[in-house]
Amino acid sequence: MSIIKTHNITLHGSTGEHDITLRPLCDEHLPLLYKWNADPEVLYWCEGEDVQENDADTVHIIYGNVSQAAFCFLVEVDGYPIGGCWLQKMNMKSILERYPSNADVRRIDMMIGEKDYWNRGIGATFIGMLVEFAFSVENVDVLHVFSFDYNVRSQRVFEKNGFRLFMRERSESPKAKEDVHFQLLREDYENKGS
C-alpha cells in the first residue's frame with residue numbers, strides 16, 4: 001500500500017534562467033524526503049517546533065496525511081529535484097471560521113531541501129505556478145498561507161505572488177514571536193493584470 005496518495009497533475013514554468021517542473025509526489029520520492037527532513041537547517045525554516053530531524057515514520061505520517069487532501073508535488077529545477085510543495089484544503093478550524101462557510105479555502109506549504117537553490121527566485125516561481133493552478137484549475141476562493149516572523153524569505157515569496165498580510169498572532173513556536181498570515185483572494189488574483 002502506498003504512503004503518499006498521488007495524482008496526475010504536472011505543472012511547468014520557468015524563472016527565465018531555469019525550467020521548473022512540479023511533478024506528482026509519490027513513494028519513489030521518499031528517499032529525497034528522508035534526506036531533506038534529516039537536515040536541521042532545512043527544518044529550521046519549515047517546522048514550527050525546534051526539530052532537528054524528522055525520522056522515516058514521521059515523514060510517512062506527514063506526507064501520508066497531507067496527501068489525502070492535497071496536491072503534493074516534487075519541485076524540479078532543470079530536471080533536478082530540489083524540494084516539495086503542496087496545495088491543500090485548509091485544515092485549521094480557526095482559519096476556516098474567518099471565511100464564509102461555503103468558501104473553498106486552501107493553503108500552500110513548501111520546502112526547498114537543496115540549499116544551493118535558496119535565494120535564486122525559484123520559490124517565487126513555483127509558488128506562482130501553484131497559485132495559477134489553484135485559481136485557474138481548482139477554482140479556489142482563497143489562498144491562506146503562514147510564515148514565521150523570522151522567515152522573511154518565505155514572506156517575500158508570497159508577497160511577490162500577490163499575497164497580502166492578513167494578520168499577525170502570537171506564535172506557539174519556540175523559535176518565533178509571531179505567526180504571520182497572508183491571503184490571496186480570487187478577485188485580487190483575477191484583477192492583478194487590470
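So, the side chain of Ser67 reaches the backbone oxygen of Tyr63, at 2.8 Å. Keep in mind that this is a predicted model.

Where does Ser67 sit? You'll find Ser67 in the loop between α3 and β3. And is Ser67 buried or exposed? Ser67 has a relative accessible area of 1%, and buried means under 20%, so Ser67 counts as buried. Leaving aside residues up to four places away in sequence, Ser67 touches Ile3, Ile4, Lys5 and Cys72.

Okay, on to the helix that Tyr63 belongs to. α3 covers residues 56-66, and its buried residues are Val59, Tyr63, Gly64 and Val66. What covers them?

Now the core. Nonpolar side chains tend to be buried together in soluble globular proteins. Here, the largest nonpolar core has 49 residues. Which residues have the most contacts inside it? Those are Leu22, Ile108, Phe126, Leu130, Val131 and Leu143. The element that gives the most to this core is α5, with nine residues. There's also a second, separate core of eight residues, and Ile95, Ala103, Val142 and Met167 are among them.

Let me stay with Leu22 for a moment. Again not counting residues up to four places away in sequence, Leu22 touches Ile9, Thr10 and Leu11, then Phe73, Leu74 and Val75, then Cys85, and finally Phe126, Met129 and Leu130. Two of those names, Phe126 and Leu130, were on the list of residues with the most contacts inside the core.

Last topic: backbone angles. Most residues other than glycine have a negative phi. Asp78 has a positive one, near 50°. Asp78 lies in the loop between β3, residues 70-77, and β4, residues 80-89. With a relative accessible area of 47%, Asp78 is partly exposed.

Then there's Asn139, another residue other than glycine with a positive phi, this time near 55°. Where is Asn139? In the loop between α5, residues 122-137, and β6, residues 142-148. Asn139 is partly exposed as well, with a relative accessible area of 47%.

Conventions:
Residues numbered from 1 in each chain as written. Predicted model: local features only at pLDDT ≥ 70, side-chain atom pairs only at ≥ 80, totals over all residues. Heavy atoms only, no water. Helix = DSSP H or I, 4+ residues; strand = E, 2+ residues; numbered from the N terminus. Buried < 20%, exposed > 50% of the residue type's maximum accessible area, 1.4 Å probe, protein only. Polar contact = N/O pair within 3.5 Å; in protein donor to acceptor, adjacent residues only side chain to side chain. Contact = heavy atoms within 4.5 Å. Core = buried A, V, L, I, M, F, W, Y, C linked by side-chain atoms within 4.5 Å.
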